[in-house]
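Notebook open, model loaded. I'm jotting down what I look up as I go.

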Amino acid sequence: MAREKQNFGTESLGLLLRKQAIPASVGILVMSVYGIVDTLFVGRFVGSLAIGAITVNLPITFLISSIGMAIGIGGGSVLSRAMGENNHAKVQRTFGNQIALTLSLSILIVLTAYFLQIPLLRLFGGKGAVLEPALAYFQILLPAIPALAWSMMANNVIRAEGYPRIAMFTMIIPALSNIILDPIFIVGMDMGIEGAALATSISYVVGAIFTLIYFLFGPSEMSLSWNCIKPSWSLIKEIGKLGSVTLARQGTISLLSVVLNNSLFAFGGEMALASYGIVSRLLMFVNFPVLGITQGYVPILGYNYGARLYERVTQISRLAFFWSTGISVLIFILIMTLTEPLVQVFTADKVLIAMTVPALRWVFAANPFLPTSFLGSAYFQAIGQARRALILALSKQGFFLIPLILILPHWLGVDGIWWSFPIADMGSAALAWWLLSKNPYIR
């Protein structure tokens, strides 16, 4: 395992980006496959309403667990730059504070959510016939969310340390656990939506155990000492400032889910909600290489920026933008030519297929613009410019998509919801490019 560690300051940037992006992409792919398998089993063996129930639960789950993602990404930026500066004491204190923040905050939020289950589900679109299965799913999933938050934090630390393959396994192992357990609980034991929730909960715990083993017995240089866990307010402020970008993005995505799910229910009913359940799974699945490049780009960029190797900062940015844009164009072509067969994988319901096919095409209509906004936000977050990163993190959902979804359906019906997506993608990409053009290391 120790041989895997990358030297971000000296190795070939193309090779480094491949070594970082491919494992990240594979991990995201396997997680996406899990999401698709989960939706497939629920859609085929439980029903369309169950897809709607999972669609309602997903943003709540990730809003709560995103505290771990925010601390992992914010702390990962601090770690990468501290490593570039050879400041080992700061590295250890940063990791200790990440642990304390992740566990204390995620547990507190879960306890609060326990008393607000039905209001939360209704807020996120759990209405009508969808509410009952959504509640059954949520009650089983809730206790396992701190394990997911820990895994999200740990994944970013492992990647910042220079172990992309191990970071990949932190995503693959829980996803595979879920894929194995879904048919056992949903089909074999006939547990329905509760079986899907139990499979997911166990997979979160399995992932958390794997990362803990890495820190205790693997090649990690991180220390799990009480001294490092002691709060450092300057570090908490730095982690919080950069992590707030991720938290704001996830919060905006969750707000989007509130607006989107309620609009879908109002203008298209339960079927429109189920339709977006399929579209959202495919969004993450087919864009896995772009997400992988973004994740691989961040630690390389942060290290070289911290080490003041600015020419390498420029070169790695060019590579990441070139690769991800080319892949996004190929994904666009794939979706536009294979739309109906992709939808038919999830359901045999003809009404649902007829609604989802045009929705999928509209949601992916501006896919080639996606990398600019993804990498733009990642760039500013990695180099410590929290304000610009925050603007870009909020741009697609907050500045464009939510207002459009609130306005367009009143004139265009449910189609107005789908048309909002490409407009938002183009708007956020234009904003990202404008901000990046003012930076001296992007040229």
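Predicted model: local features only at pLDDT ≥ 70, side-chain atom pairs only at ≥ 80, totals over all residues.

A word on helix labels before anything else: I call a helix any DSSP run of H or I with at least four residues, and I number helices from the N terminus. By that count Gly 243 falls in helix α10, residues 233–286.

**Entry: Gly 243**

I stayed with Gly 243 and asked for its accessibility. The residue comes out at 5% relative accessibility, so it counts as buried, the cut-off being under 20%. Which residues does Gly 243 touch, leaving out those up to four places away in sequence? I found Ala 70 and Gly 74. I also checked Gly 75: its C-alpha atom is 7.2 Å from that of Gly 243, though the two are 168 residues apart along the chain.

**Entry: the whole chain**

Next I zoomed out. I get 18 helices and zero strands for the secondary structure of the chain. The C-alpha trace spans about 60 × 45 × 35 Å along its principal axes.

I then looked at burial and surface. Of the 443 residues, 58% count as buried. The chain exposes about 17,400 Å², and carbon and sulfur atoms supply 70% of that. For contacts between residues at least 6 apart in sequence, I note that 83% join residues at least 24 apart.

**Entry: salt bridge**

How many salt bridges does a search of the whole structure find? I got one. The partners are Lys 396 and Asp 425, with their closest N and O atoms 2.8 Å apart. The pair links distant parts of the chain: Lys 396 sits in helix α16 (residues 386–407) and Asp 425 in helix α18 (residues 414–436), 29 residues apart. Buried or exposed, I wondered, for Lys 396 and Asp 425? Both residues are buried.

**Entry: helix α12**

I checked the length of α12, residues 310–337. At 1.5 Å a residue its 28 residues should span 40 Å, and I find the end C-alpha atoms 41 Å apart, which agrees. I listed its buried residues too; among them are Val 313, Ile 316, Ser 317, Ala 320, Phe 321, Ser 324, Ser 328, Ile 331 and Ile 335. That spacing had me recalling the helix rule: with 3.6 residues a turn, residues three or four places apart point the same way.

Leu 319 is also in α12. Leaving aside neighbours within four places in sequence, I see Leu 319 in contact with Leu 13, Gly 14 and Leu 17. I also looked up Ala 82, which is 237 residues from Leu 319 in sequence and 24 Å away in space, C-alpha to C-alpha.

**Entry: Pro 299**

I stopped at Pro 299, found in helix α11 (residues 288–306). At 5% relative accessibility, Pro 299 counts as buried.

**Entry: a nonpolar patch**

Last stop was the surface. I noted a nonpolar patch of about 650 Å², made by Val 205, Ile 209, Leu 212, Ile 213, Leu 216, Phe 217 and Leu 224. I picked out Leu 216, which lies in helix α8, residues 192–217. Its relative accessible area is 48%, so Leu 216 goes down as partly exposed.

Conventions. Residues numbered from 1 in each chain as written. Heavy atoms only, no water. Helix = DSSP H or I, 4+ residues; strand = E, 2+ residues; numbered from the N terminus. Expected span 1.5 Å × (residues − 1). Buried < 20%, exposed > 50% of the residue type's maximum accessible area, 1.4 Å probe, protein only. Patch = residues over 30% accessible without salt bridge, like charges linked within 9 Å, V, L, I, M, F, W, Y side chains within 5 Å. Areas by Shrake-Rupley, 256 points an atom, 1.4 Å probe, with all protein chains shown as cover. Salt bridge = Lys/Arg side-chain N within 4 Å of Asp/Glu carboxyl O. Contact = heavy atoms within 4.5 Å.
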